[in-house]
Amino acid sequence: MSDAPILSAPTFEHHPTGFGLGHSRPRLSWRFIPSSDGQYPKDWQQASYELEITPLGSTPEVFPVKSAESVLVPWPGKTLQSRETASVRGRACSTTGTYTDWSPFSQVEVGLLQPTDWTGEFIGAAKKFQATRESLRPIRLQRGFDLPKKARALLKARLYITALGVYEARLNGVCIGQDVLAPGWTSYHHRLVYQTYDVTQLLSSGNNVLSVEVAEGWYAGRLGFGGGRRYIYGDELGLLAQLEVTFEDNETWKLSSDTSWLCQTTSIVQSEFYDGETHDFRATDGEWAPVKTLNVPLNALTATDAPPIRVTEEMMPTQILRSASGKIILDFGQNLVGSLRINTALHLHAGSQLTLMYAEVLENAEIATRPLRHAKCTDRIVFGDKLVTSWQTKFTFHGFRYVQVDGWPGIPTVHDFTALVMHTDMKRRGWFSCSDSLVNKLHESIVWSMRGNFVGIPTDCPQRDERLGWTGDIQVFAPVATFLYDSHGIPGLVVSEILWDQWCKPSPQAVWHDAAVLTPWDAYTASSDVEILHRQYPSMKAWITKGIRRGDDGMWDGNVWQLGDWLDPNAPPEDAGNGRTNSLLVADAYLVHVTRTMAQISSVLGYQEDATFYENDAQMLKRGFQDKYLTPSGLLASDTQTGYSLAICMDLIGDDANDDSANMAVQNVAAARLGDLVRTSKFHISTGFVGTALICHALAQTDQTQLAYRMLLEKHCPSWLYPITMGATTTWERWDSMLPNGEVNGGAMTSFNHYALGAVASWLHGSVAGISTEDGWKTVMVAPKPGGSLTSAEATFEGPYGLVKCAWSLEGNQFVLTLTIPPNSKANPPLSSLISVSSPYTTRN
Ligand code: BGC
């Protein structure tokens, strides 16, 4: 093997491709690629690097930099302008002077950086088209045009585009790109992302037609529970588009959205996220009607760093069932999020209807729609007098495993349908497996729940009248999310605002709003991107100093109602916050943790004064917590699994003023009590959102790893494996979303696709398989903790430095560990110390 590693082509910021980038000085990263046998040269550390940048039409310039950094290094070249392109490659040199080969080139193309780059305006229908009394009917906005020169004289053509709503764009009838539900969901008035497409190949000489269909989406559609609200961001669908063409002679030509466009209705007469889509083929395209400009300022426009929402997989039904009442039901064998395509041509009488109703589970051999609450989750096709050759929805999505099909002529076959799995097209990067097939299925179900709930922004659930960016959910799940997928560029936590501002009384919430500090910190520890902390620092401070409502003792004001350890299995089905653990204790424990994290963040950012202030404050709050909730011997006021897990994981027991043996004595009492509680509950879980993310870590941290495994492997309800034994393919919202007798839990909140309780996967990755990080994978913490009946486990992670792999197995009386650590990063404990572990623990490197 060569003694230098192979370098990947550089990447730009967190952008999936570098095309249409919104940065003029993008930070660059490169990874180290293992040779074909999966090996890296030993102990290769970077000492310096060279970057070669060639802006289009200029000569290459090489920038040598003495630095060990290979992730998000500063752009060394001149500042890029809107539309500018450049190719970039790099090579690195080790501490011993060995150079890598030059990496392959990557291309960057900057999008439109300034509002003044846009020459057009937002346009919408001059007269509103209602679908129903309340919802807006989707519209098509269109403009025909002639290219001023022959298409073969084209050098390049770019379409910059966004919508108020969700859109699908076509040029000369051909769909542009593969994105669906663009531009996704952001807090549109503050941040409206646009997309850039290369449309060079789609233009023709002579006549061309650019047409864009726009529907309500998140912008104007009904959002929220209890009937929800419409038009949260606006009540007019809109489009902003700019087609820019460059010919070979460098002449340019532009077409922008303006009042010369026309609009019409289409056969999609209604399209909503919660209720579904109706195609009425009797209603052919409507008369062309005028458009008007919409008064929307362009300063919220920004190029997106996040990958688009796409169809990432197609699935056939695994079987077609008859319900108890004789209905046709498609079973896809997997609870998934996306839409349905009918592959077969259908010709029914004009006016007849085909109805498709979506559900996650069956109850009494019928689709269970009650958990969907106010969401109808129904698509309809109304036939005209023409053949419908194939059909699929455009602007809606459903969370489903089952589809009830009413009105199908005859008996369908599985080949008539395809489920289109949709989500933000993030790059998968983390995998886990072990010798227990049920645990593997549990992990797989967690991955599916992440896929289904990352449609644009991370949401609580994908099916009922909610699908909102609940902060508590992502706060507990973020460490898992950043491991499984490159989920860094997903936009922030914007959508709860629509609840608090609109119809709930504003009320600060521990755990949920603590995401303001903890989730950027998790993103930072997974990526080492200090920019995130810089960007979020003002809102972190605002939350800590102004948001948290405090009592006289500086702790949470006890009058604030807290969600607490939400969905503790002991809470009544209709009162999910009424768990066993005092919700004020939960809030106060988080307060200490958040304040301490704030001290760490301030110190990373070099704000020493703040760091000292928060560190002192955290110590004071810890003492306050102990005065309020901890007995001198180490018992907690809330004698629960969640209480002790919080106290152990958040270092709330013991006092810096005491000596170690005194601290250890109280810590041991707390640890032993947690163990007792686990045994008393007969290894059943009795934690909600908060405790579930922590309990295995707490047990392992206190040398009770076997108890953690015993809980992990428990199959009776409530436990992680119980849903798997009931056929779950995604993580359930409740431990008993489906009761052992097959009935759906009577509580109003009963989703079958909620990632929060899947937070246990961080323990699977970090302790069962044994890899985790605190510094963006520069240091791989290697700490596999074998246990239970597992005989092997492994995790693979395609991280910022390259491939990390940790696999262990028990072979006879030997513990065999195989570890791959990429160049320019290191293992902790160091590889050398791992290798010297004495029998029965041996390692293979
Ligand atoms: C959501 C949860 C969320 C909770 C907070 C629920 O309706 O589905 O996941 O965190 O509300 O109140």
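Student: At what distance does the side chain of Thr378 reach the backbone oxygen of Lys376?

Tutor: This is a predicted model, in which local features need pLDDT of at least 70 and side-chain atom pairs count only at pLDDT 80 or more, while totals for chains, interfaces and linings use all residues. Residues are numbered from 1 along each chain as its sequence is written, and side-chain values use heavy atoms, with hydrogens and water left out. Thr378 is placed in strand E30 (residues 378-382), where helices (H or I, at least four residues) and strands (E, at least two) are DSSP runs numbered from the N terminus. A polar contact is a pair of N or O atoms within 3.5 Å, where within protein one must be able to donate a hydrogen and the other to accept it, and residues adjacent in sequence count only if both atoms are side-chain atoms; the side chain of Thr378 reaches the backbone oxygen of Lys376 at 2.6 Å.

Student: Is Thr378 buried or exposed?

Tutor: Contact means heavy atoms within 4.5 Å, and, not counting residues up to four places away in sequence, Thr378 touches Asp275, Gly276, Glu277, Thr355, Leu356, Met357 and His398. A residue is called buried under 20% relative accessible area, exposed over 50% and partly exposed in between, using a 1.4 Å probe and protein chains only. With a relative accessible area of 6%, Thr378 is buried.

Student: Which residue forms a salt bridge with Asp198?

Tutor: A salt bridge is a side-chain nitrogen of Lys or Arg within 4 Å of a carboxyl oxygen of Asp or Glu, and the structure holds 42 of them. For Asp198, the closest N and O atoms of the pair are 3.0 Å apart, and the partner is Arg158.

Student: Which residues share one salt-bridge network with Glu168?

Tutor: Glu168 forms a salt bridge with Arg170, the closest N and O atoms being 3.0 Å apart. Of these two, Glu168 is buried with a relative accessible area of 16%, while Arg170 counts as partly exposed at 27%. Through bridges that share partners, Glu168 belongs to one network with Arg140, Arg170, Glu213, Asp285 and Lys394.

Student: Which residue of strand E7 is the bridge partner of Ile53?

Tutor: Two strands pair if DSSP finds at least two bridges between them, and five bridges join strand E6 (residues 46-55) to strand E7 (residues 61-65), which run antiparallel. Five residues lie between the strands of this hairpin, where Gly57 takes a positive phi near 85 degrees. In E7, the bridge partner of Ile53 is Glu61.

Student: How many of the nine residues of helix H9 are buried?

Tutor: The buried residues of H9 pack against helix H7 (583-604), helix H10 (660-680), helix H11 (689-692), helix H12 (695-701) and helix H13 (705-712). Among the buried residues are Tyr644, Leu646 and Ile648, and H9 is followed by Asp651, whose phi is positive, near 50 degrees. Helix H9 itself (residues 641-649) is mostly covered, and of its nine residues the number buried is eight.

Student: How far does a polar side-chain atom of Glu466 lie from an oxygen atom of the ligand?

Tutor: Residues that surround the ligand, with a heavy atom within 4 Å of it, include Asp460, Arg464, Glu466, Trp470, Trp512 and His754. An oxygen atom of the ligand is 2.9 Å from an N or O atom in the side chain of Trp512, and a polar side-chain atom of His754 also lies 2.9 Å from a ligand oxygen. For Glu466, the distance is 2.6 Å.

Student: What separation do the C-alpha atoms of Pro115 and Pro297 have?

Tutor: Pro115 is placed in the loop between strand E9 (106-110) and strand E10 (123-125), and is partly exposed with a relative accessible area of 36%. Not counting residues up to four places away in sequence, Pro115 touches Leu298 and Asn299. Although Pro115 and Pro297 are 182 residues apart along the chain, their C-alpha atoms are separated by 8.8 Å.
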